[in-house]
Amino acid sequence: MFSKVLIANRGEIALRVLRACKELGIQTVAVHSTADAEAMHVKLADESVCIGPPMARDSYLNIPQILAACEITGADAVHPGYGFLSENARFAEILEAHNIQFIGPSAEHIRVMGDKIAAKQTAERLGIPVVPGSAGGVDTPEEAKRISSDMGYPVLIKAASGGGGKGMQVVRSEDEIELAFSTARSEAAANFGDDTVYIEKYLGKPRHIEVQVMGDGKGHAIHLGERDCSLQRRHQKVWEEARSPALNDEQQAKIGEICANAMKGLGYSGAGTIEFLYENGEFYFIEMNTRLQVEHPVTEMITRIDLVNEQLKVACGAGLDIKQEDVRFHGHAIECRINAENAQTFRPSPGKISHYHPPGGLGVRVDSGVYQGYSIPPYYDSLIGKLIVTGRNRVECMMRLRRALDEFVIDGIETTIPLFRNLVDNADIANGAYDIHWLENYLEKTV
Ligand code: ADP
């Protein structure tokens, strides 16, 4: 096993990784910006190194500084968490060149899946069903028109290098395509430095269902079931659950097996997530994330498998000793993303937490990096914690979630907790009857 792991991240995910390391007896190194000197991950790590000023590009994205921190502390591996450098193939290569283990898949697999067009082509080759669409990048509005009318409107123009739900344009008829095409291209260039766009059939009422996978890099791979992340705002997940209220055991086993076999074929190493839209009983691949995801705890709660622990074991060469038949699903889990934002306007609300009381009791897990007296800096993502609740079934889980949300006190800043208190009492949510547009429609009606 590694002797010392540097955690190239901040917030709740830095703590999550730190905890897994501690349990395995691995020393931990926290890195932080000047704005994060008082952060919990810095306080809990065995060592910490300041790597630069507040802006992420100068600190958490600063590869030379992170490398220097590895050298100074003698770390033998780096866990990138999610976001920041977690899907940066060059970072993985640079670490490798310095004999430091990147805890994640190979640079080659990160690169292929990071390009959404290459990812779709690879997925298709590996037997994964994909969303119908252009075979590759689309260069002219004429080509866009031809492909769209062949496929039928509505269509979606997407950025090949896109992420975070940004850079997508829905096109409902041919007269909209020219404007949408040029908007999509310039947004893609401005946001991702790459103006390549492609076209997909726009699905009207799908659910977002994703499959967690793990591979050992040598041809053994398993799936750990699905997560339903259909409750989204601006294409960003807000509430996630496992299992999906929409799938039965047979459907789960079928899509899971397709994903596990694809990862065997790829020789994938570590944790990954294969994302689908699901409509009328069919799965359509949209992308693969080659890292740990924010919502991984719901899978951990129902499989009772520590995904970070498994990532560490695979990365150090100890292999993946879990077989598919060892993976069992127990009950139901729901995660609510708690953001430091106004629950109606979603305006960020950084500042000092004057009072903090997280919920507890049976079936309640809070993954968070905040504490009473802590000041949330304005420079980063507004996710400050995740409430994860487990029950023997979905009904029990919802009852417990309502109770846990009632107990949760975060004063001094605004949070999205009030939104979840409303959602947990909504009949559609209680019935699991929602698609990827449900939350946006709901918010429009309630504001
Ligand atoms: P990103 O990498 O930016 O998150 P994704 O391709 O994962 O982009 O899509 C994010 C979300 O956008 C999906 O969860 C879904 O809500 C919506 N979306 C993406 N592709 C389609 C599509 N073809 N039809 C309808 N909605 C889509």
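Predicted model: local features only at pLDDT ≥ 70, side-chain atom pairs only at ≥ 80, totals over all residues.
User: Why does Asn99 count as exposed?

Analyst: Asn99 has 8 C-beta neighbours inside 10 Å. Residues are numbered from 1 along each chain as its sequence is written.

User: Where does Asn99 lie, and what is its phi?

Analyst: Asn99 is in the loop between α4 (89-97) and β5. Its phi is positive, about 60 degrees, although Asn99 is not a glycine. Helices (H or I, at least four residues) and strands (E, at least two) are DSSP runs, numbered from the N terminus.

User: Asn280 next: why is it called exposed?

Analyst: Asn280 has 7 C-beta neighbours inside 10 Å, so it counts as exposed. Asn280 sits in the loop between β12 and β13, with a positive phi near 45 degrees.

User: And what makes Thr273 buried?

Analyst: There are 23 other C-beta atoms within 10 Å of Thr273, so it is buried. Thr273 belongs to strand β12. Leaving aside neighbours within four places in sequence, Thr273 is in contact with Glu210, Val211, Gln212, Met288, Asn289 and Gln293; contact takes C-beta atoms, placed from the backbone, within 7 Å.

User: Why are β3 and β5 placed at the edges of their sheet?

Analyst: The open sheet has five strands in the order β3-β2-β1-β4-β5, with parallel pairing. β3 (47-52) and β5 (101-102) each have a single partner strand, so one side of each is left without a neighbour in the sheet.

User: How do you know that β2 and β3 pair?

Analyst: Two strands pair if DSSP finds at least two bridges between them. β2 (residues 27-33) and β3 have five, in the parallel sense, and Ala30 has Ser48 in β3 as its bridge partner. β6 (residues 155-159) and β7 pair over four bridges, in the antiparallel sense, with Ile157 opposite Gln169 in β7.

User: What makes the chain as compact as a globular protein of its length?

Analyst: Start with the make-up of the chain: 15 helices and 20 strands. Its radius of gyration is 21 Å, close to the 22 Å that the globule rule gives for 447 residues, so the chain is as compact as a globular protein of that length. The radius is taken over C-alpha atoms, and the rule is 2.2 Å times the number of residues to the power 0.38. Buried residues make up 50% of the 447.

User: Which residues come nearest to the ligand?

Analyst: Of the 20 residues around the ligand, those are Glu200, Leu203, His235, Ile286 and Ile436. A residue is near a molecule if its C-beta atom, placed from the backbone, lies within 6 Å of it. β8 (197-201), β12 (269-279) and β13 (282-289) each supply at least two residues of the shell.

User: Which peptide bonds are cis, for example around Pro154 and Arg243?

Analyst: Tyr153 and Pro154 are joined by a cis bond, with omega about -5 degrees. The bond from Ala242 to Arg243 is cis too, with omega near -5 degrees.

Methods:
Buried ≥ 20, exposed ≤ 12 C-beta atoms within 10 Å, placed from the backbone. Contact = placed C-beta atoms within 7 Å.
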